[in-house]
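Open your viewer and get ready to click along. We will go through the model one selection at a time.

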Amino acid sequence: MNPQCARCGKVVYPTEKVNCLDKYWHKGCFHCEVCKMALNMNNYKGYEKKPYCNALAPLVLAETTPEMLELKQGSKELRPGMESPPRPSHRYSP
Ligand SMILES: [Zn+2]
Ligand SMILES: [Zn+2]
């Protein structure tokens, strides 16, 4: 049985599987949450179980310092705007 992609929810086959952040991803789905840059096991930065690129991870982390900690105590939600909808608006179809 194959796991589902954490990004798109479709089945991930072993040939395209990336196992990171306790989840499985398609190679193509494993990209930065913010800028969508393609990532791999060697260059991603994980935060809140989501992958970020080297350039943006420090910003994401910086923004989550005091205010975010307060927010987190009251709510499990990440700040709005960071959470993008799971399905992309357009995709390349074969
Ligand atoms: Zn996927
Ligand atoms: Zn990025």
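**A tour of the chain**

Start by colouring the chain by pLDDT, the predictor's confidence in each residue, from 0 to 100: the mean is 82, and 67% of the residues reach 70 or more. This is a predicted model, in which local features need pLDDT of at least 70 and side-chain atom pairs count only at pLDDT 80 or more, while totals for chains, interfaces and linings use all residues. Residues are numbered from 1 along each chain as its sequence is written, and chains are lettered from A and ligands numbered from 1 in the order in which they are written.

Next, switch to a cartoon view. You will find two helices and four strands, in the order β-β-β-β-α-α from the N terminus. Helices (H or I, at least four residues) and strands (E, at least two) are DSSP runs, numbered from the N terminus.

Select residues 23-26, strand β2, where mean confidence is highest at 97, then residues 66-74, helix α2, where it is lowest at 60. Where pLDDT is low, the predicted coordinates should not be read in detail.

Now pick Asn19 in strand β1 (residues 17-20). Is Asn19 buried or exposed? Asn19 counts as exposed because it has 12 C-beta neighbours inside 10 Å. Of the chain's 94 residues, 18% count as buried.

Finish at Tyr52. Beyond residues up to four places away in sequence, its contacts (C-beta atoms, placed from the backbone, within 7 Å) include Cys32, Tyr44 and Val60.

Notes. Buried ≥ 20, exposed ≤ 12 C-beta atoms within 10 Å, placed from the backbone. Contact = placed C-beta atoms within 7 Å.
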